[in-house]
Amino acid sequence: MTNKIILSVKDLSVAFHKRDGSTYAVNGISYDLHEGETLGIVGESGCGKTVSSMALLKLISMPPGKIETGSAIYKDGKDLVALSSKELRLYRGREIAVIFQDPMTAFNQVMTIGDQMIEGYVEHFGCTRKDALKEAERLMDLTGIPAAKTRLKDYPSQFSGGMRQRAMIAMALMCKPSILIADEPTTALDVTIQSQILDLMKDIRKEFGTSIMWISHDLGVVAGLADTVNVMYAGMIVESADVDELYYNPLHPYTKGLLGSLPSTDIDNDQKRLKSIGGYPPILSKKIEKCPFADRCSEATDICRHGCPSLSERTGQHYVACFNV
Ligand SMILES: Nc1ncnc2c1ncn2[C@@H]1O[C@H](COP(=O)(O)OP(=O)(O)OP(=O)(O)O)[C@@H](O)[C@H]1O
Ligand SMILES: [Mg+2]
């Protein structure tokens with residue numbers, strides 16, 4: 001990516017400290033997000049995709065959550081990590097908007113969709129309610145909600161799951177955010193609606209030039225949408241590369257395993273499908289001191305069990321955290 005950097009995350013670590021123990025959920029991740037870039041974030045359940053992204057806006061429960069180290073420099077030069085929750089209010093939804101997996105949690109059930117959509121907009125742009133409603137209608141229309149004008153008067157419960165997801169995307173776009181964080185927004189939807197939403201995201205990127213962080217455990221979906229992919233494991237980024245480079249030339253044994261377990265659409269290839277990775281990810285109750293993948297890795301050597309590799313560049317813009325590649 002040669003575009004301007006819009007968000008630069010350095011050495012971000014997040015832990016949860018509770019009375020019965022700690023969870024080291026994110027362990028020193030660094031990456032840049034560029035203008036107009038779609039960054040896919042992939043990895044198994046529990047690897048820290050949600051926590052690492054939501055921590056940027058302090059949308060995790062703190063305490064018990066705590067940002068232990070790191071910075072996240074936004075394009076205006078401010079470090080989001082250093083801002084108070086009150087200061088972050090000016091960024092949430094306006095500069096950086098979030099689309100959650102479950103829209104029910106994002107909407108207020110006792111307020112109409114229209115009123116919720118225009119709330120931040122009126123304040124942000126200082127315009128009239130009427131103008132705000134017009135923009136809300138335009139975006140509902142753009143996201144494929146029929147009869148947008150009347151549906152703005154509906155409550156969230158009157159929308160179907162797919163419609164609610166579209167409405168949440170429309171709402172996220174109201175303030176023209178520079179960054180859209182989409183946390184598995186299509187996982188709960190059926191395949192047809194899923195692909196419509198993905199097409200919609202591509203249109204949005206074209207119309208608004210928004211940078212998108214797309215979190216998913218579905219490598220197929222990410223392949224069709226992302227420019228760059230970060231593969232996460234045990235709260236670390238273990239590999240990062242341009243999407244084609246990552247899929248055609250994976251270097252980390254974990255990425256290779258993930259790609260090996262992609263269901264194939266090629267019938268001849270059926271034998272090979274779903275070759276899953278044996279074993280389980282580590283329990284994150286301690287700070288990471290050795291390669292977290294070593295116990296599941298067929299290529300692991302002694303060095304992997306005694307130290308933790310850091311992410312470093314191999315060929316141009318292809319980064320990997322492994323002692324053996
Ligand atoms: N509020 C919390 N208190 C304690 N631990 C938490 C909390 N929220 C998340 N965690 C832990 O942090 C780790 C990372 O969780 P996270 O939700 O980021 O995973 P994920 O990659 O988004 O997984 P999924 O694909 O299932 O959504 C997990 O071990 C999880 O149990
Ligand atoms: Mg998650």
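## Close-up views of a predicted model

**View 1. Strand β7 and its two parallel partners.** Strand β3 (residues 38-42) pairs with β7 in the parallel sense over five bridges, where two strands count as paired if DSSP finds at least two bridges between them, and where strands (E, at least two residues) and helices (H or I, at least four) are DSSP runs numbered from the N terminus. The model is a predicted one, in which local features need pLDDT of at least 70 and side-chain atom pairs count only at pLDDT 80 or more, while totals for chains, interfaces and linings use all residues. Residues are numbered from 1 along each chain as its sequence is written, and chains are lettered from A and ligands numbered from 1 in the order in which they are written. Strand β6 (residues 179-183) also pairs with β7 in the parallel sense, over five bridges. Met213 of β7 stands opposite Leu39 and also opposite Ile181.

**View 2. The two faces of β7.** Is strand β7 (residues 211-216) mostly covered, and how many of its residues are buried or exposed? Strand β7 is mostly covered, since six of its six residues are buried, a residue being buried if 20 or more other C-beta atoms lie within 10 Å of its own, exposed if 12 or fewer, and partly exposed in between, with C-beta atoms placed from the backbone. Ser211, Met213 and Ile215 point one way from β7, whereas Ile212, Trp214 and Ser216 point the other way, and all are buried. In a regular strand the side chains alternate between the two faces of the sheet.

**View 3. Met213 and the nonpolar core.** The largest nonpolar core has 91 residues, and those with the most contacts inside it are Ala167, Ala172, Met213, Trp214, Val231, Tyr233 and Val238; such a core is a set of buried Ala, Val, Leu, Ile, Met, Phe, Trp, Tyr and Cys residues joined through C-beta atoms within 7 Å. Helix α7 (residues 161-173) gives the most to this core, contributing eight residues. When its neighbours within four places in sequence are left aside, Met213 is in contact (C-beta atoms, placed from the backbone, within 7 Å) with Leu33, Leu39, Ile41, Ser53, Ile179, Ile181 and Ala182.

View 4. Eight strands form an open sheet of mixed pairing, in the order β5-β6-β7-β3-β8-β9-β11-β10. At the edges stand β5 (96-99) and β10 (312-313), each with a single partner strand, so one side of each is left without a neighbour in the sheet. Strand β10 runs antiparallel to strand β11 (residues 319-320), and two bridges join them, with Val320 in β11 as the bridge partner of Ser312. Helix α11 (residues 253-260) packs on the sheet, where it touches β8 (228-233) and β9 (236-242), and its direction makes about 105° with that of β8; angles run from 0 to 180 degrees between N-to-C directions, and axes are lines fitted to C-alpha atoms, for helices over the stretch in contact. The buried residues of α11 are Pro253, Tyr254, Thr255 and Leu258, and what covers them includes α9 (219-225), β8, β9 and α10 (243-248).

**View 5. The three-stranded antiparallel sheet.** Three strands form an open sheet in the order β2-β1-β4, with antiparallel pairing. Its edge strands, β2 (21-34) and β4 (65-74), each pair on one side only, and the twist averages 5° from one strand to the next. Strands β1 and β2 form a hairpin with two residues between them; eleven bridges join these antiparallel strands, and Asp32 in β2 is the bridge partner of Ser8. Strand β1 (residues 5-18) pairs with β4 in the antiparallel sense over eight bridges, with Lys10 opposite Ser71 and Val14 opposite Ile67.

View 6. The axes of helix α4 (residues 113-125) and helix α5 (residues 129-142) come within 9 Å and cross at roughly 120°. The contact is made by Gly114, Met117, Ile118, Tyr121 and Val122 of α4 together with Arg129, Ala132, Leu133, Glu135 and Ala136 of α5. By class, this contact has seven nonpolar, one polar and two charged residues, where Ala, Val, Leu, Ile, Met, Phe, Trp, Tyr, Cys and Pro count as nonpolar, Asp, Glu, Lys and Arg as charged, and the others, Gly among them, as polar. Asn108 lies in the loop between α3 (103-106) and α4 and is exposed, with 12 other C-beta atoms within 10 Å. Asn108 and Pro156 are 48 residues apart in sequence and 7.6 Å apart in space, C-alpha to C-alpha.

How values were computed
Two residues are in contact if their C-beta atoms, placed from the backbone, lie within 7 Å.
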